[in-house]
Amino acid sequence: MKKVSSWHGIDEFLAVVAHGGFTAAGDKLGVSKSYLSKTIRELEARLGVQLLVRTTRSLSLTGAGESFHSECLEMKDSLVSLENRMGLISREPVGRLRVALSGNFGSDYMTAYLADFSAQHPAIDIESIAYLNEKDISQDQFDIVIRYGELKDSNLRARKFGYLSYGLCASPDYIEEHGWPESADDIKRHTWLTDLSGAVNFNEQQNLKVTPFWMSNSAVALRSAVRRGLGLASLPMAVVRKDLMDGSILLLEEEWSYYDKACWVVYSPGILSAGARLFIDYLVSRTGRVKIRPSALSGLSRNR
């Protein structure tokens with residue numbers, strides 16, 4: 001059985017009442033008098049009540065028809081008001097913006113951008129959720145998800161806005177005792193601190209397996225281990241920039257030693273709100289889509 005929309009026939013009913021008859025309402029809607037009559041009979045049958053009293057000379061509402069007419073007008077007004085508000089949201093940067101960030105470095109790297117954006121657009125309410133594993137995040141729960149590296153789902157709508165650049169880091173004491181690796185082929189003799197993969201990545205040579213002395217899924221935890229001289233680690237420069245400034249962590253400034261992961265702002269299918277569009281444009285303009293090097297960190301690194 002064909003399912004009929006619960007609103008089917010109501011616009012026709014309102015038009016007949018507003019214009020005082022089927023002929024005038026049909027002219028206004030561009031449909032025939034017979035179509036209107038059939039549609040309203042079907043509406044009455046669906047509701048189980050008579051709405052209109054029809055005679056050859058007049059048309060009037062029944063008691064049930066008056067009540068139904070009043071309720072329908074209120075719903076129609078509410079719908080128009082809702083459509084207007086939705087139109088405003090699509091044009092003006094207002095409302096809530098739900099953003100998912102990686103907890104490994106989102107708290108330091110991305111939330112600074114979010115805070116600056118929020119300060120410029122106070123009408124947008126920001127809700128940021130940190131995640132440790134991208135597999136735990138459902139895209140349809142958020143307006144925007146910040147993802148890194150290769151996007152495995154080709155159906156995602158995404159825009160690259162920059163890079164998360166990793167640099168080879170160590171403490172001054174570690175470098176004084178062991179020195180820096182001369183190349184990627186020279187990494188085996190060093191003590192390594194890595195993520196749970198037990199591998200080190202460089203732009204030209206990725207996923208080089210080492211035997212880690214210390215592993216963690218947190219870049220912040222690895223930074224703490226590096227500061228204490230436990231070994232070498234490839235860390236996001238956005239995470240260690242303050243340590244580079246105070247000299248507690250050193251950065252090897254050799255191009256072979258960097259690893260740059262693309263940063264993507266991923267958004268759900270459908271029409272983007274004005275706030276989401278504005279935030280995406282803001283990220284692209286702030287990051288400049290460039291790979292981060294010591295010069296971009298205002299000379300914060302100190303190579304020995």
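Modeller: Helices (H or I, at least four residues) and strands (E, at least two) are DSSP runs, numbered from the N terminus. This is a predicted model, in which local features need pLDDT of at least 70 and side-chain atom pairs count only at pLDDT 80 or more, while totals for chains, interfaces and linings use all residues. Residues are numbered from 1 along each chain as its sequence is written, and side-chain values use heavy atoms, with hydrogens and water left out.

Colleague: Is Thr39 buried or exposed?

Modeller: Buried means under 20% relative accessible area, exposed over 50%, and partly exposed in between (1.4 Å probe, protein chains only). Thr39 has a relative accessible area of 3%, so the residue is buried.

Colleague: Which residues are in contact with Thr39, leaving aside its neighbours within four places in sequence?

Modeller: Contact means heavy atoms within 4.5 Å. With those neighbours set aside, Thr39 is in contact with His8, Gly9 and Glu12.

Colleague: Where is the place of Ser216?

Modeller: Ser216 is in the loop between strand S10 (214-215) and helix H7 (219-227). Its relative accessible area is 12%, and Ser216 is therefore buried. Not counting residues up to four places away in sequence, Ser216 touches Thr194, Asp195, Leu196, Ala221 and Leu222.

Colleague: How should I read the pairing of strands?

Modeller: Two strands pair if DSSP finds at least two bridges between them. Strand S3 (residues 95-102) pairs with strand S4 (residues 124-131) in the parallel sense over 8 bridges, and Gly95 stands opposite Ile124 in S4. S3 also pairs in the parallel sense with strand S5 (residues 144-148), over 2 bridges; there the bridge partner of Ala100 is Val145.

Colleague: Which residues have the most contacts inside the largest nonpolar core?

Modeller: A nonpolar core is a set of buried Ala, Val, Leu, Ile, Met, Phe, Trp, Tyr and Cys residues joined through side-chain atoms within 4.5 Å. The largest one has 47 residues, and those with the most contacts inside it are Tyr109, Met110, Ile144, Ile146 and Phe279. Helix H9 (residues 274-287) gives the largest share of this core, 6 residues. Phe279 touches Leu97, Met110, Leu114, Phe117 and Ile144, not counting residues up to four places away in sequence.

Colleague: How many helices and strands are there in the chain?

Modeller: The chain has 9 helices and 13 strands. Of its 304 residues, 42% count as buried.
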